[in-house]
Amino acid sequence: MNLVETHSNPDVSIIIPLYNKGQYIARALNSILAQTHQNFEIIVVDDGSTDNGPEIVQSYTDPRLQFIRQANAGPGEARNRGIRESRVSLIAFLDADDEWLPTYLAESVQQLQAHPDCAMSAFGRFLGSDRTSWEPECQRFGVTEGEWRMPINLDGQSTKQVIDFFHPGAIVCRRQVLKRFGGFYTKNGCNYGEDVYLWVQIALNYKIYRNPTPLFWWHTEASEISAYSARKIVPPWPMLTDPQPLRMDCPPEYHSALERYLTYLAVIAAERCIRAGDRVTAEQLLQDYPVAQNFLGDYLKLQVHLWLMDSPGLRDRLRQVKSLVRS
């Protein structure tokens, strides 16, 4: 199939949200153009960049590439804009600082064509500048290749592990599924966990084809998530601040599993807030998810940490004692 034919009749749209990633965007685009599967269109949505990223994108002359500019609205809205502009039934996503291995698109499309009852295809990944494979971690929590439907009896921690397998850059999804849930979460300018919100909705309602083979390279060293982690001010997941759409779309048999998952996330988020000195949000999370008390050890630890926030002298003394014990 020649370039003219693929331009006129693509079978997959590739959406790239771009925001101040000028030093990386060529790497992402080149990894797409190097795919063994060439029947695609590329939609780059510039989300208000102030660097040279837009100029780099516009220097590409491939007729399959479409460039769109919008005022800054966050990665979820940028991806949703790309979905609205796309023309085909399969949608792939790649962040501007990441890249695909050459066979990623071919294998993803093939998996969805061979398994029409699966809503999306999800691959494993490499991470960071040293290209660490996440496949051993996938094996640890039971990800194997094939059709998968989320078990209804998973505890909260196990549910988080299976959801953490999904990353936008390693997913090809059916357009009608994305439209059913309105795409990525965008309320209040959300720019953290906006993708996870969508994966939870899909996992609760559809089969997914999973393949732990790493064909996607997540450059975590260039990610805003790394910046969040360095500052220790990761905001609560939108699944916790706006859970009702999840609950409304959740099949009855998954209600208990969803609540276990949300409660587990609430415990993690409350601990993060305490570490960042945000007592108000931590207490609100524990109030909104009172069954966090079922995680007795973690819950008691959180209560102790909240108490210590009122006693900074004692807290500092305990830190000194811990330091002495470790040395």
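Biologist: Why is Cys-118 called buried?

Modeller: In this predicted model, Cys-118 has a relative accessible area of 1%. The term buried applies under 20%, so Cys-118 is classed as buried.

Biologist: What makes Cys-273 buried or exposed?

Modeller: The relative accessible area of Cys-273 is 5%. That value also falls under the 20% limit, and Cys-273 is therefore buried.

Biologist: How many disulfides does the structure hold?

Modeller: The structure holds 0 disulfides. The term requires a pair of cysteine sulfur atoms within 2.5 Å.

Biologist: How many salt bridges are there, and what makes Lys-21 and Asp-97 one of them?

Modeller: The structure holds 16 salt bridges. For Lys-21 and Asp-97, the closest N and O atoms are 3.2 Å apart. The cut-off is 4 Å between a side-chain nitrogen of Lys or Arg and a carboxyl oxygen of Asp or Glu, so the pair qualifies as a salt bridge.

Biologist: Which parts does the pair of Lys-21 and Asp-97 tie together?

Modeller: Lys-21 belongs to the loop between strand S1 (12-18) and helix H2 (25-33), and Asp-97 to the loop between strand S4 (90-93) and strand S5 (99-100). The pair therefore ties together parts that are 76 residues apart in sequence. Both Lys-21 and Asp-97 are buried.

Biologist: How do you know that Glu-259 and Arg-247 form a salt bridge?

Modeller: The closest N and O atoms of Glu-259 and Arg-247 are 2.8 Å apart, which is within the 4 Å cut-off. Glu-259 lies in helix H13 (residues 255-275) and Arg-247 in helix H12 (residues 244-249), so parts that are 12 residues apart in sequence are tied together.

Biologist: Why are Glu-259 and Arg-247 called partly exposed?

Modeller: Glu-259 has a relative accessible area of 30%, and Arg-247 has one of 27%.

Biologist: Where do Arg-279 and Glu-283 lie, and what makes their contact a salt bridge?

Modeller: Arg-279 and Glu-283 both lie in helix H14 (residues 279-288), 4 residues apart, about one turn of the helix. Their N to O distance is 2.9 Å, within the 4 Å cut-off. Arg-279 is partly exposed at 25%, as is Glu-283 at 33%.

Biologist: Which residues of helix H5 are buried, and how do you know on which side of H5 they lie?

Modeller: In helix H5 (residues 104-114), the buried residues are Tyr-104, Leu-105, Ser-108, Val-109, Gln-111 and Leu-112. They cover an arc of only 160 degrees around the axis, so they lie on the same side of H5.

Biologist: Why is helix H9 described as largely enclosed?

Modeller: Of the 12 residues of helix H9 (residues 194-205), 12 are buried, and the helix is therefore largely enclosed by the rest of the structure. Among them are Glu-194, Trp-199 and Asn-205. Glu-194 is also linked with Arg-79 and Asp-95 in a network of salt bridges.

Biologist: Why is Trp-134 called buried?

Modeller: Trp-134 has a relative accessible area of 17%. This is under the 20% limit, so Trp-134 is buried. Trp-134 is located in the loop between strand S7 (132-133) and helix H6 (135-140).

Biologist: Which residues lie nearest the centre of the second largest pocket?

Modeller: Lys-187, Cys-190, Pro-236, Pro-238 and Thr-241 lie nearest the centre, within a lining of 12 residues. The lining divides into 7 nonpolar, 4 polar and 1 charged, and the pocket volume is about 170 Å³.

Methods:
Residues numbered from 1 in each chain as written. Predicted model: local features only at pLDDT ≥ 70, side-chain atom pairs only at ≥ 80, totals over all residues. Heavy atoms only, no water. 1 Å grid on protein atoms, 1.4 Å probe; cavity = no way out; pocket = protein on both sides within 12 Å on 5 of 7 lines; lining within 4 Å. Points joined across faces, edges and corners; volume = space filled by probe spheres on them. Nonpolar A, V, L, I, M, F, W, Y, C, P; charged D, E, K, R; others polar. Buried < 20%, exposed > 50% of the residue type's maximum accessible area, 1.4 Å probe, protein only. Helix = DSSP H or I, 4+ residues; strand = E, 2+ residues; numbered from the N terminus. Arc of directions from axis to C-beta.
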